[in-house]
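Please look over the sequence and structure before reading on.

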Amino acid sequence: MKKTFVGLLAALSVLISCSSNEPTNIVTPNARQLAWADAEVGVLIHFDMPVYQPDYNFRQWGTHPDASIFNPTELNTDQWLETAQKMGAKYAVLVAKHCSGFSLWPTEAHDYSIKQSPWKNGEGDIVADFIASCKKYNIKPGIYASTTANGYLYVDNPGVVQEGSPVTQEEYNQIVTQQLTELWSNYGELFEIWFDGGVLSRDQGGADVLSLVQKLQPNAIAFQGPYGHPNLIRWVGNEEGVAPYPCWATADSTTNADGTRVINGLNGDPFAPFWCPGESDFTLRWNRSFQGGWFWTAGQDSMMFTILELLTKYETSVGRNTNMLLGLVVDNKGLIPETDVRQVEALGHEIARQYGTPLQQIAGAGSEYTISFDKPTSINRVVLQEDISKGERILKYLLKGKKGNEWIELSSGSSIGHKHINRFDSRTVEAIKLVVTESKADPQIINFSVFETL
């Protein structure tokens, strides 16, 4: 009898556990990942040899431009970061070395850098200036530290030395190690580091980048970084500022890959074991413009996206549970062009106008939330945010508006995560209700904001 009673208690315990909707194995971000998500908006600043020699193709080995042509006589990194600040960017990533191999800091690894240029008689350091400007404007600094391409040394994606190169693969690996050591040791703690194209793993013949980042920049968020780093973020599959939907912050195949091969699951997976959110990068100009819009060349201002188009990209990046990373170009004088400055500032104003002041805003826990209006109100946007410190819990939800005695569906969705922006046709309603229809655990909403139709 006693044995039977104990068995009944055990069965009852299991039943209660299954029906309580308490979390069992929910993946959560660490403090660094939370800070990155809260930053939401960053900029990616490109400046390399194509600005001075537009027809340069880094894959035409041995044709790299001479360092003497790189001479930004009016360079002002304060102007770069002031521009970023005008848009509301909280972090900035400088491309310290792009595909040419030319380095914007006085590297000791090879003889193709700012040290060999006429700018400041070879005594300058653009990376150091950039870091100082970030501190001045209270913007978190990041460095694009691609290891996968280097025209000067005949290296092509994913970091493989090509025939005819002046260096062996092992020598190139040593150069990679030295350059990353310089960048990660000499400029303080970095908020984010960028591995465009991923990292050639040691198993594939690459340098031991994982050990290096763990030693020198363990807190940095790493875009397409080496598998095993705890603060990885992933590419969303395009350079158009359009994250897929749903877009979960947890992923599996995207983090198990080393970043150099085609991956599956760009949407992520709500039941995957790794916190690895997406970052959506895009440019001010059309993708078919010069160098994809990432680098400046004269006469392409007409190819700039409109403010409405850029706002839509904000909504499909930040508004789809990813961070937004806007590419800024630097011209041959060393400045962000005035046309670009005005457009970036206008985008910042429009984001603030559209999403700065909600009509009403609430937070709470549970599966149902209601906002009532004093009078019938036309609305067309809702911002939802989960408390992601407790994981992504919501799997499906509905938004309903009240008209008279009837509740009509306005929108529906799945992934919310750090932020999801719902846009729908303008409807005049007396109240709006969020109903969570499926979740992994009790929903935790830190922001349910409603915006009036403009």
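Cys 247 is buried, because its relative accessible area is 0%, under the 20% cut-off. The model is a predicted one.

- Cys 247 takes part in no disulfide, and the nearest cysteine sulfur, which belongs to Cys 276, lies 10 Å away.
- The count of disulfides comes to 0.
- Cys 99 has a relative accessibility of 19%, so this residue also counts as buried.

**Helices H3 and H4**
- Helix H3 spans residues 77-87 and helix H4 spans residues 126-136; their axes come within 8 Å and cross at roughly 40°.
- That angle makes H3 oblique to H4.
- The crossing of H3 and H4 is right-handed.
- On the H3 side the contact is made by Thr 77, Asp 78, Trp 80 and Leu 81, and on the H4 side by Ile 126, Asp 129, Phe 130, Ser 133, Cys 134 and Lys 136.
- By class, these residues of H3 and H4 are 5 nonpolar, 2 polar and 3 charged.

**Helices H8 and H9**
- The axes of helix H8 (residues 307-315) and helix H9 (residues 338-355) cross at roughly 60° and come within 10 Å.
- H8 is therefore oblique to H9.
- H8 and H9 cross in a right-handed sense.
- H8 contributes Ile 307, Leu 310, Leu 311, Tyr 314 and Glu 315 to the contact, while H9 contributes Gln 343, Ala 346, Leu 347, Glu 350, Ile 351, Gln 354 and Tyr 355.
- The contact of H8 with H9 holds 8 nonpolar, 2 polar and 2 charged residues.

Note on methods: Residues numbered from 1 in each chain as written. Predicted model: local features only at pLDDT ≥ 70, side-chain atom pairs only at ≥ 80, totals over all residues. Heavy atoms only, no water. Axes fitted to C-alpha atoms, helices over the stretch in contact; angles between N-to-C directions. Helix = DSSP H or I, 4+ residues; strand = E, 2+ residues; numbered from the N terminus. Parallel < 35°, antiparallel > 145°, perpendicular 65-115°, else oblique. Left-handed = near helix turned anticlockwise from the far one by under 90°. Contact = heavy atoms within 4.5 Å. Nonpolar A, V, L, I, M, F, W, Y, C, P; charged D, E, K, R; others polar. Disulfide = S-S within 2.5 Å. Buried < 20%, exposed > 50% of the residue type's maximum accessible area, 1.4 Å probe, protein only.
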